[in-house]
Amino acid sequence: MAGDNGVVFPAGADGRRSTAAVGRAVVADALRPIDPPGALAAEQETNWRAGYLVHFRRLVEAGLERPDRARTIAAAGLTSLHERMRVAVEGAEQPLAALATAPAARALDTREVRGHAEPERELSVPFRGGRLRGDDLARRLDGWVADGVMEPSAAEAVRAVAAHPEWLALPDRTVVVLGAGAEMGPLPALLRWGARVAAADLPRPPLWRRVLETAARGAGTLLVPVGSRSDGDLAEAAGVDLVAEVPAVAEWGSGLPGALVLGNYVYADGADNVRVSTAVDALTLRLQRERPDLALAFLATPTDVFAVPGAAVEHSVHAYAGRSTAAKLLVRPLRTASAGRLLRRAYVPGADPGINDSLVPQQGPNYALAKRLQRWRATTAREAGTTVSMNVAPPTRTRSVLKNRALAAAYAGAHRFGVEVFEPATSNVLMAALLVHDLHTGGGPRQEHPWQDEAHAAVHGGLWRTAYAPRSALGLAALLGLGAARG
């Protein structure tokens with residue numbers, strides 16, 4: 001990813017690019033039209049790295065009363081981020097808005113790779129060494145719903161795709177997968193199903209060799225961006241840096257065939273996650289002008305704050321009441337010793353909607369801002385009539401999770417608290433199936449409130465329906481999972 005070129009955080013008077021200053025200001029700006037005291041609290045947060053959690057929760061709570069409040073927060077947050085972030089080109093900085101009309105520094109051509117396999121004619125989901133299809137898939141979906149691992153609407157959507165295998169190839173569409181090498185991305189599944197996929201990711205030959213091998217084994221068509229004079233080894237020539245090359249990617253994307261779907265599956269560590277997510281948002285706005293029929297796709301992280309339906313609250317309340325005697329006896333001394341921080345019940349009984357706060361401190365405020373930016377864009381795009389697919393994905397053992405020791409240990413022990421952590425192969429096929437469903441149903445049913453759009457078809461792994469507030473069980477899950485994570 002381009003160092004100090006492309007999308008960057010603004011430089012302060014001292015020359016430092018403070019991610020905390022931007023995060024604090026964007027959250028405050030998002031809250032200000034609806035919740036001035038909340039905005040002030042965010043502005044005055046002296047330790048953003050540790051204190052951001054309550055302010056991101058407030059962004060959800062402040063919008064619950066009316067749909068227009070949630071949409072106002074989303075629009076204000078997006079405006080603030082776009083006004084604050086900058087574009088740096090050879091040391092000179094410009095407003096982010098310059099990307100709307102900036103010329104491309106290079107032209108990108110398209111190389112086509114066709115798979116050799118027959119397209120899969122039936123939805124099958126990898127699971128524990130086998131593949132779920134037909135009645136086995138239906139029973140597993142029933143089990144996940146009964147265990148509180150996914151919302152019933154998610155199971156219904158997957159069943160609809162299984163009943164319509166002709167949907168899988170997404171005829172007459174091109175899905176642009178930004179972050180083509182991402183473990184959670186839909187590229188492998190879509191190519192197995194015979195879809196046309198345009199791939200964008202960093203110019204890293206090992207990554208592209210893996211993507212090209214996936215395409216060759218598949219049944220679809222892969223469209224690869226390359227420099228206009230590139231020839232020879234495709235893996236060496238492929239790739240773009242989204243942070244620095246928004247104009248080039250926009251010009252390339254606008255010329256792709258078929259009805260266009262822009263899928264955002266990008267991820268980077270730390271501050272770079274905000275930079276690349278902001279770049280994708282600028283790309284989104286530019287492509288929308290060129291291709292008014294553009295559909296948008298996102299994956300929402302389960303480790304965030306969501307409003308959840310009353311049925312999820314009721315499930316959690318029953319789980320809390322139904323704990324074993326040993327568990328109840330264990331809770332009392334733990335809660336006393338932790339001043340009430342450990343093993344708190346998840347919701348006030350009867351709340352509808354409830355607030356599920358699954359933010360993980362170790363992921364940090366930059367991760368939270370990057371993911372919230374995507375939710376805000378989904379909200380404003382839906383309101384404008386755009387087809388949007390945004391579904392909550394389950395906790396998954398991806399490389400980015402496993403390299404964080406604390407989070408890896410927590411995931412290893414999560415099952416003891418009713419949370420199922422998925423393998424990447426299972427997650428990405430399930431989420432690709434939900435994408436297919438959304439694209440064939442205009443983004444799913446129209447909901448009254450943005451929180452209902454976000455909660456629909458969520459595969460949260462149980463975080464929404466577990467007995468305890470997730471963060472209050474995180475430390476114990478990590479302790480119990482430490483040995484397994486090391487193994």
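**Exercise 1. Locate G194 and state whether it is buried, partly exposed or exposed.**

*Solution.* Step 1: G194 sits in the loop that runs between helix 7 (187-192) and strand 8 (196-200). Helices (H or I, at least four residues) and strands (E, at least two) are DSSP runs, numbered from the N terminus. The model is predicted, so local features need pLDDT of at least 70 and side-chain atom pairs count only at pLDDT 80 or more, while totals for chains, interfaces and linings use all residues. Residues are numbered from 1 along each chain as its sequence is written, and side-chain values use heavy atoms, with hydrogens and water left out.

Step 1: The relative accessible area of G194 is 28%. Buried means under 20%, exposed over 50%, and partly exposed in between (1.4 Å probe, protein chains only); G194 is therefore partly exposed.

Step 2: Leaving aside neighbours within four places in sequence, G194 is in contact with P119, A169, A219 and G220, where contact means heavy atoms within 4.5 Å. From G194 to V261 the C-alpha distance is 16 Å, at a separation of 67 residues in sequence.

**Exercise 2. Describe the backbone at D172, L343 and P353.**

*Solution.* Step 1: D172 is not a glycine, yet has a positive phi of about 70°. This residue lies in the loop between helix 6 (152-163) and strand 7 (173-178), and D172 counts as exposed because its relative accessibility is 65%.

Step 1: L343, also not a glycine, has a positive phi of about 50°. L343 is in the loop between helix 13 and strand 13 and is buried, at 3% relative accessible area.

Step 2: P353 is placed in the loop between helix 13 (325-337) and strand 13 (354-357). The peptide bond joining D352 and P353 is cis, with omega about 5°.

**Exercise 3. Characterise the interface of domain 1 and domain 2.**

*Solution.* Step 1: Domain 1 covers 6-102 and domain 2 covers 108-309 + 350-485; the bounds come from an automatic or database domain assignment. Their C-alpha centres lie 24 Å apart. Domain 1 gives 36 residues to the contact and domain 2 gives 43 residues.

Step 1: The two domains bury about 3,300 Å² between them, of which 72% is on carbon and sulfur atoms. Buried area is the accessible area (1.4 Å probe) that two parts lose on being put together, summed over both. In domain 1, F56, R71 and L78 lose the most area to domain 2, together 18% of what that side buries.

Step 2: The rule finds 2 salt bridges across the interface, a salt bridge being a side-chain nitrogen of Lys or Arg within 4 Å of a carboxyl oxygen of Asp or Glu. The side chains of R71 and E383 form a salt bridge, at 3.1 Å from N to O.
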